[in-house]
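Hi there,

Here is the structure we talked about passing on.

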Amino acid sequence: MTTTPLAPGSTSAYAAPDALGRFGVFGGKYVPETLMPALAELEAAYQRYRQEEGFQQELQGLLRDYVGRPSPLYFAERLTAHYRQPSGAGPEIYLKREDLNHTGAHKINNALGQVLLALRMGKRRIIAETGAGQHGVATATVCARFGLDCVIYMGVHDMERQALNVFRMRLMGAEVRGVAAGTGTLKDATSEAIRDWVTNVETTHYILGSVAGPHPYPMIVRDFQAIIGQETRRQCQEKWGGLPDILLACVGGGSNAMGLFYEFVAEPTVRLIGVEAAGEGVSTGKHAATLTQGRIGVLHGAMSYLLQDSQGQVVEPHSISAGLDYPGVGPEHSYLKDLGRAEYYSVTDGEALAAFERVSRLEGIIPALETAHAFALLESLSQQLVGNPRLVINCSGRGDKDVQTVMRALG
Amino acid sequence: MRVSERFASLGSRCALIPFITAGDPDLETTAQALYRLDQQGADLIELGVPYSDPLADGPVIQAAATRALGRGVTLDAVLELVQTVSPHLQAPIILFTYYNPILNRGIPQFLRQVAQAGATGLVVPDLPLEEAESLLRPAADQGVELTLLVAPTSPAERIQRIVAQSQGFVYLVSVTGVTGARTQVAGRVADLLHQMRQMTTKPIGVGFGISQPEQARQVRDWGADAVIVGSAFVQRLHQPEPAAGLQSITDFCADLRHTLDQP
């Protein structure tokens, strides 16, 4: 068992963010003054502990024994055969099995790293926002593990469609506070978590769950998730002695995608593809396709692409998947898009549902509805590929939590 | 009149700055409210531009913004209102707006329109010092003063840099938290005021959480140059009948003014 250091070795040509927390024009710290000292404190703590051997040993030990890392890189044989064309062309599809982590998604990687920071900063109260509930569950889990007070903000609409995760959080001792503002989804839960943090900042650490929010969050969350890509590199090396050709991941805020991509950003032969939620279709206005349909704006502390109306009011997004139902996106994704380094596409609710069923039947793996969006892009992408490129999908979470939503949607 | 000029004209008198949300319950009532507040002794008036994601605001102002947006109130409509009303007011209007609507409009165009409408002050609660640089100089060029905020959590070294850059006055946030009424004002505000006095000659206004005349007087006695009262006005204005809301804020403003004018 090798331990993987946080600092990536291969991305030296790509140094972002800068000292002000900027990824090009994106990122920054657009927050009330009250939070500025806390962000500075968090950044200082992170810069100190990321280097410290004791911190790394504790984190790596927990990732191994508590989370169950490394997660496997699994060859999806039947899915590969399904997309094999008569000519023999088609991708070799591998799944990075983050769904096999403790709590069933990649979110635990970040929650664990941040809770260890919180403990070292002397913060005994933890808050978090959650959409699908996976980040809320991960946060409730690490708080139970370390005996910390935990409050999770969740939109009332999401509490209904992710009832199973609400129960899991409460079972582990977290208080789940419903947020009725707006559409009662992730955006509103995040705003309310930030308000709580503004009010209780001296005793509280906010475990933000995506590569979004004010600096240093996009950097910290990316770095704690970067283990996904680091393991993938090693596993590709073991399996075929080379790099993957294509990486594919779903993007809401973008943490699982960034976790997979980051290790390979400086590898120009590796195609990076993110998939957003087109909801009922981008032409209907009921979607969450921020990178493909949004304009530059500021939400929840960061400048990034944003779904907004002509007056600069943030519009309510829509996706069948609670975890992608967000009008913003992590600033580093906006940066990678504008650099032309990563490509972003969107798929509809219907396409995601079809992929949810397809992967369940062909591989015996029920993916999260979020993850199903990444699988759904295979329908069009695999037709365009030449030869047999090795394609790694971040299988970012398991779909048990979504079964009721899917039952309703499929009638 | 510029915000700084208004403060200069007041001498040692403690200024009263009410806050209301534009377009709640409707723009006509907002116009009437501005006239009434001006007549009842408001020295400056903060006018909130409704925004979909008001991170720094508590439930009362959030709800007011949601109601205004629900009625279709836009930035253009708010600016039009300011243009109509401001020539008739003694109190300068300070626009309180989040950053995204500014960015969406484009900074130069936004500032031009604000200046044309006759608002002379600007408060942007999600634009801390580091990000405010993009707005400070262009605002000054248009004759609009951008006031920066100091929080109870701000370290001394940071306060020093904020007061140096803030225009018009310095906005001291009296609570670690969002806007909204509190039962008492933290004693820490007295220390912060004292500390800031050593750093700047600019006027210092204290806001967030002040909802009662007695609290306003206490903040005045601690040495504040201005008291900003927001949620308490927004709450009073929110009545089934606009006339009742207007009467309520008229009485409340007079009450605050009276208390602040007592020795």
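**What I found at the interface**

Glu202(A) forms a salt bridge with Arg188(B), with the closest N and O atoms 3.1 Å apart; a salt bridge here is a side-chain nitrogen of Lys or Arg within 4 Å of a carboxyl oxygen of Asp or Glu. Four salt bridges are counted between chain A and chain B.

Please keep in mind that this is a predicted model, where local features need pLDDT of at least 70 and side-chain atom pairs count only at pLDDT 80 or more, while totals for chains, interfaces and linings use all residues. Residues are numbered from 1 along each chain as its sequence is written, chains are lettered from A in the order in which they are written, and side-chain values use heavy atoms, leaving out hydrogens and water.

The contact (heavy atoms within 4.5 Å) takes 33 residues from chain A and 37 residues from chain B. Between them the chains bury about 2,700 Å², 50% of it on carbon and sulfur atoms; this is the accessible area (1.4 Å probe) lost on being put together, summed over both parts. In chain A, Glu33(A), Arg195(A) and Gln311(A) lose the most area to chain B, together 26% of what that side buries.

One more for you: which residues are buried in helix 8 (residues 156-165) of chain B? They are Arg158(B), Ile159(B), Ile162(B) and Val163(B), buried meaning under 20% relative accessible area (1.4 Å probe, protein chains only). Helices are DSSP runs (H or I, at least four residues), numbered from the N terminus.

Best wishes

Note on methods: Buried area is the accessible area (1.4 Å probe) that two parts lose on being put together, summed over both. Buried means under 20% relative accessible area, exposed over 50%, partly exposed in between (1.4 Å probe, protein chains only). Helices (H or I, at least four residues) and strands (E, at least two) are DSSP runs, numbered from the N terminus.
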